[in-house]
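Have the structure open beside you and try each task before you look at its solution.

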Amino acid sequence: MLERLNRAMGHIEDRLTEEIDVAELARIATTSEYHFRRLFSALAGMPLSEYVRRRRLTVAGAEVLAGQRTLLDVAVRYGYTSGEAFARAFRALHGVGPGEARRTGAALRSQPRMSFRLVVEGSTTMRYRIVEKDAFQLVGRKARVPVVHAGVNPAIAAFVRSVGQETAPRIHPLSDQEPRGIVSACADLDPSRAEGTELDYWYAVLTRTEPPEGLDSLQVPAGTWAVFENTGPFPEALQHLWRDVFTEWFPSNPYESRPGPEILRTPPSAVGDTIDAALWIPVRRTGPTGA
């Protein structure tokens with residue numbers, strides 16, 4: 001998998017002055033475009049679009065300093081429709097405008113070409129199982145909230161406080177399948193998972209029962225789920241679990257993520273801030289059946 005990802009990275013590098021087709025990158029990596037964006041973001045620590053932007057501005061910076069093309073020619077060469085748009089983007093990365101950089105020979109910032117390699121640490125064993133589920137509904141309350149990568153998400157915490165006491169007694173009896181009880185779920189995420197993008201956060205149960213009036217519901221089709229279990233401090237253990245799923249488990253197993261809600265079950269633990277969590281990720285098999 002990592003070898004195929006690195007071939008895709010080479011494809012990006014060869015086309016920094018052209019429009020980059022993400023579907024073609026996914027084909028080179030032999031995965032879906034949805035999974036390619038998700039996997040890249042997890043491995044690189046930034047969205048694919050941001051990496052491409054930084055690489056283009058890094059190479060453009062070298063051309064600005066070389067002085068062999070006009071600034072407008074450099075701007076157009078790297079996909080900017082005007083000198084002003086190029087100057088704004090250039091300054092955002094390099095901290096100086098292209099004209100000043102050329103005049104003064106200013107030191108510029110660089111986004112190195114990225115490649116991926118596997119580092120085997122052997123410190124963690126991931127507990128997981130594969131589950132086939134029939135169609136079901138998420139029933140409860142939802143809110144549109146920003147993505148937060150580290151620490152408690154204040155928007156989610158405020159939302160749960162505002163709906164929990166009123167909603168919990170209404171939805172808990174509807175739970176009729178695994179994972180049982182009230183869960184949290186994330187849906188309709190931006191594939192980049194970039195900090196500040198938004199998602200639908202659900203405080204809900206899984207059920208086949210029609211939702212009572214006044215509650216939100218989401219139809220989820222039948223499919224395959226990978227279930228990961230983890231114990232640790234909240235919320236760090238959950239954030240590290242999601243990271244490890246995409247940086248360690250997916251590159252080593254014949255599955256890819258597919259569109260659908262990611263569901264988290266966190267029953268209470270008896271030890272302080274430690275929680276026992278189960279993370280349900282919608283997946284599809286990529287290897288041969290029976291392999």
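This is a predicted model: local features need pLDDT of at least 70, side-chain atom pairs count only at pLDDT 80 or more; totals for chains, interfaces and linings use all residues.

**Exercise 1.** Work out how the rings of Tyr 128 and Trp 249 are arranged.

*Solution.* A pair of aromatic rings is described by the distance of the centres and the angle of the planes.
- Start with the distance: the centres of Tyr 128 and Trp 249 are 5.1 Å apart, and the cut-off for a pair is 6.5 Å.
- Next comes the angle: the planes of the two rings meet at 70°, and over 60 degrees counts as edge-to-face.
- So the pair Tyr 128 and Trp 249 is edge-to-face.
- Now place the residues: Tyr 128 belongs to strand β1 and Trp 249 to helix α9, so the pair ties together parts 121 residues apart in sequence.

**Exercise 2.** Decide whether Tyr 128 and Trp 249 are buried, partly exposed or exposed.

*Solution.* 
- Buried means under 20% relative accessible area, and exposed means over 50%.
- Trp 249 has 3%, so Trp 249 is buried.
- Tyr 128 has 39%, so Tyr 128 is partly exposed.
- Trp 249 also forms an edge-to-face pair with Phe 228, at 5.0 Å between centres and 85° between planes. Phe 228, in strand β6, is 21 residues away from Trp 249, and Phe 228 is buried as well.

**Exercise 3.** Describe the surroundings of Asn 153.

*Solution.* 
- First locate the residue: Asn 153 is in the loop between β2 and α8.
- Then check accessibility: at 11%, Asn 153 counts as buried.
- Finally, beyond neighbours within four places in sequence, Asn 153 contacts Pro 146, Val 147 and Val 148.

Terms used
Residues are numbered from 1 along each chain as its sequence is written. Side-chain values use heavy atoms; hydrogens and water are left out. Helices (H or I, at least four residues) and strands (E, at least two) are DSSP runs, numbered from the N terminus. Buried means under 20% relative accessible area, exposed over 50%, partly exposed in between (1.4 Å probe, protein chains only). Contact means heavy atoms within 4.5 Å. Rings of Phe, Tyr and Trp (its six-membered ring) pair if their centres lie within 6.5 Å; planes under 30 degrees apart count as stacked, over 60 as edge-to-face and the rest as tilted.
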